Amino acid sequence: MTAVDAVGLPTSPRKTLSRFRSICGVIGRQKFSILQDDIKLVPAAEKDIAWLTFKESFDYPAEHEDHLRRAAFKVMGNAWKNFKTKLVGEFVYNPANPDP
């Protein structure tokens with residue numbers, strides 16, 4: 001990753017944005033507990049582990065780390081929320097599965 005926009009999303013090389021979103025989604029689903037009600041309630045230790053995992057996957061300009069971290073956690077949080085919603089739909093509100 002060589003450039004980051006003002007929001008913190010990678011802009012070059014071009015393929016990096018899709019890889020960024022994919023990796024952030026995987027990290028968000030794997031590293032954050034589904035037992036939390038809101039992403040803001042996820043402990044800082046879990047977020048730090050997620051950030052270290054992210055840093056292993058990308059090389060980026062150090063001066064953009066704050067913006068990049070904010071954007072990464074936004075994408076991770078959305079992936080985590082969508083994953084929880086999918087689980088509730090499949091296992092809680094599914095009429096084909098009357099007793100979970």
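Which residues form a nonpolar patch on the surface? Val88, Phe91, Val92 and Tyr93 do, and together they have about 420 Å² of accessible area. Val88 lies in helix 3 (residues 65–91) and is partly exposed, with a relative accessible area of 34%; buried means under 20%, exposed over 50%, and partly exposed in between, with a 1.4 Å probe and protein chains only. Patches are made of residues with over 30% relative accessible area and no salt bridge, and nonpolar side chains are joined within 5 Å, like charges within 9 Å. A salt bridge is a side-chain nitrogen of Lys or Arg within 4 Å of a carboxyl oxygen of Asp or Glu.

This is a predicted model, in which local features need pLDDT of at least 70 and side-chain atom pairs count only at pLDDT 80 or more, while totals for chains, interfaces and linings use all residues. Residues are numbered from 1 along each chain, and side-chain values use heavy atoms, without hydrogens and water.

Rings of Phe, Tyr and Trp (its six-membered ring) pair if their centres lie within 6.5 Å; planes under 30 degrees apart count as stacked, over 60 as edge-to-face and the rest as tilted. The count by this rule is seven aromatic pairs, and two of the pairs are given here.

| Pair | Centres | Planes | Kind |
|---|---|---|---|
| Phe20 and Phe54 | 5.7 Å | 90 degrees | edge-to-face |
| Phe20 and Phe58 | 6.2 Å | 55 degrees | tilted |

Phe20 lies in helix 1 (residues 16–31) and Phe54 in helix 2 (residues 44–57), so their pair ties together parts that are 34 residues apart in sequence. Helices are DSSP runs (H or I, at least four residues), numbered from the N terminus. Phe20 and Phe58 are both buried.

How values were computed:
Accessible areas come from the Shrake-Rupley method with a 1.4 Å probe; for residues, only the protein chains shown count as cover. Helices (H or I, at least four residues) and strands (E, at least two) are DSSP runs, numbered from the N terminus.
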